[in-house]
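Student: I have a structure to go through, and I would like to talk about its side chains. Could you take me through it?

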Amino acid sequence: MRIILREWNSVAIWRWNLPEDDVCGICRVQYDSTCPRCKIPGDGCPIRQGQCKHAFHWHCLEAWFKEESAKELCPMCRQKFVANI
């Protein structure tokens, strides 16, 4: 018996490797999706996780820090936000 493969369809999925919740604490959109400013998920809007273990879309965090009341504090726990690199 001989089998001829004429077509091959593959499917892939990716996820951010984050230990906490699976949604951004600012916009409440899943990390696998996009922030409200982006159209395509992935490298254009990376996820930033702080030492406090809270994570956010980069664009959401950037907009948060522009607010006068933010004072570079984590939106969730109000500790100084220091990004894990």
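Predicted model: local features only at pLDDT ≥ 70, side-chain atom pairs only at ≥ 80, totals over all residues.

Student: Which side chain meets that of glutamate 62 in a salt bridge?

Tutor: Residues are numbered from 1 along each chain as its sequence is written, and side-chain values use heavy atoms, leaving out hydrogens and water. A salt bridge needs a side-chain nitrogen of Lys or Arg within 4 Å of a carboxyl oxygen of Asp or Glu. At 3.4 Å, N to O, the partner of glutamate 62 is arginine 37.

Student: How many residues apart in sequence are the parts tied together by this pair?

Tutor: Glutamate 62 lies in helix H1 and arginine 37 in the segment before E1. Helices (H or I, at least four residues) and strands (E, at least two) are DSSP runs, numbered from the N terminus. The pair therefore ties together parts separated in sequence by 25 residues.

Student: Is cysteine 24 buried or exposed?

Tutor: Buried means under 20% relative accessible area, exposed over 50%, and partly exposed in between (1.4 Å probe, protein chains only). Cysteine 24 has a relative accessible area of 0%, so this residue is buried.

Student: How many residues does the largest nonpolar core have?

Tutor: Such a core is a set of buried Ala, Val, Leu, Ile, Met, Phe, Trp, Tyr and Cys residues joined through side-chain atoms within 4.5 Å. Its members include Cys24, Phe56 and Leu61. In total, the largest nonpolar core has 12 residues.
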